[in-house]
Amino acid sequence: MVRDPFADDETPELETVLDALDDEDCRAIVSVLDEPMTASEISDESGVPLSTAYRKLELLTESSLLYEGVEVRPDGQHASRYAVDFEEVVIALDEDRNLAVDISHRARSPDQRLENLWSEVRKET
């Protein structure tokens with residue numbers, strides 16, 4: 001099944017979101033993302049070592065808390081850029097009295113939608 005590159009991501013597992021929110025390095029990364037940055041820039045700004053930053057960025061994107069876009073460069077050496085992708089995270093009891101997570105995402109710009117499409121094409125090739 002091919003994922004719709006224009007659709008919003010599905011809601012992640014509660015445990016994944018809680019792991020990211022509970023992680024000090026993840027919170028440090030989110031706190032420095034006023035604008036999209038590369039992993040190296042995030043590492044420099046947050047003080048999180050680059051090798052650790054990559055793992056935390058993966059956790060944050062899996063948690064739907066960060067958006068990973070692709071900066072297309074003329075030399076072909078494209079770079080991932082990360083941005084905060086949520087307005088609000090709500091943890092509540094569902095009708096079965098189980099904890100559930102709901103993430104309010106920011107609206108995606110046309111450029112971000114094009115980045116999503118480009119990312120999906122890169123994954124398929």
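Let's start at Leu66, which sits in strand β1, residues 66-71. The model is a predicted one, and in it Leu66 has a relative accessible area of 4%, so it counts as buried. Leaving out neighbours within four places in sequence, Leu66 is in contact with Ile29, Val30, Leu33, Leu57, Leu60, Thr61, Tyr82, Ala83, Val84 and Asp85. Take Leu33 from that list: Leu66 and Leu33 are 33 residues apart in sequence, yet their C-alpha atoms are 9.4 Å apart in space.

**The core around it**

Leu66 also turns up in the largest nonpolar core, a set of 20 residues. The residues with the most contacts inside this core are Ile29, Leu33, Ile42, Leu57, Leu60 and Leu66. At least two core residues come from each of α1 (14-22), α2 (24-32), α3 (39-46), α4, β2 (79-84) and β4 (99-104). In soluble globular proteins, nonpolar side chains tend to be buried together.

Setting aside neighbours within four places in sequence, Leu57 is in contact with Ile29, Ala39, Ile42, Leu66 and Tyr82.

**How the helices pack**

Stepping back, the chain has five helices and four strands, and along the sequence they run α-α-α-α-β-β-β-β-α. Two packed helices are described by the angle between their axes and the distance between the axes.

| Helix pair | Crossing angle | Axis distance |
|---|---|---|
| α1 and α4 | roughly 135° | within 9 Å |
| α3 and α4 | about 110° | 9 Å |

What makes the α3 and α4 pair roughly perpendicular? Their angle is about 110°, and angles of 65 to 115 degrees count as roughly perpendicular, so the pair falls in that class. Their crossing is right-handed. On the α3 side the contact is made by Ala39, Ser40, Ile42 and Ser43, and on the α4 side by Leu50, Ala53, Tyr54 and Leu57.

For α1 and α4, the axes cross at roughly 135°, which makes α1 oblique to α4. This crossing is left-handed. Thr16, Asp19 and Ala20 of α1 meet Leu59, Leu60 and Glu62 of α4.

Lys56 is in helix α4, residues 50-62. Is this lysine buried or exposed? Lys56 has a relative accessible area of 15%, and buried means under 20%, so Lys56 is buried. Beyond residues up to four places away in sequence, Lys56 touches Asp23, Asp25, Cys26 and Ile29.

Thr38 is in the loop between α2 and α3. Thr38 counts as buried too, because its relative accessibility is 12%. Apart from residues up to four places away in sequence, Thr38 touches Arg73, Ala79, Ser80 and Arg81.

**The chain as a whole**

Of the 125 residues in the chain, 34% count as buried. Among contacts with a separation of 6 or more, 51% link residues 24 or more positions apart.

As for confidence, the chain averages a pLDDT of 84, and 78% of the residues score at least 70. Over residues 1-8, the pLDDT is below 50. Beyond near neighbours in sequence, that stretch has eight contacts in the model.

Terms used
Residues are numbered from 1 along each chain as its sequence is written. This is a predicted model: local features need pLDDT of at least 70, side-chain atom pairs count only at pLDDT 80 or more; totals for chains, interfaces and linings use all residues. Side-chain values use heavy atoms; hydrogens and water are left out. Buried means under 20% relative accessible area, exposed over 50%, partly exposed in between (1.4 Å probe, protein chains only). Contact means heavy atoms within 4.5 Å. A nonpolar core is a set of buried Ala, Val, Leu, Ile, Met, Phe, Trp, Tyr and Cys residues joined through side-chain atoms within 4.5 Å. pLDDT is the predictor's confidence in each residue, from 0 to 100. Axes are lines fitted to C-alpha atoms, for helices over the stretch in contact, and angles run from 0 to 180 degrees between N-to-C directions. Angles under 35 degrees count as roughly parallel, over 145 as roughly antiparallel, 65 to 115 as roughly perpendicular and the rest as oblique. A crossing is left-handed if the near helix is turned anticlockwise from the far one by less than a right angle, and right-handed if clockwise.
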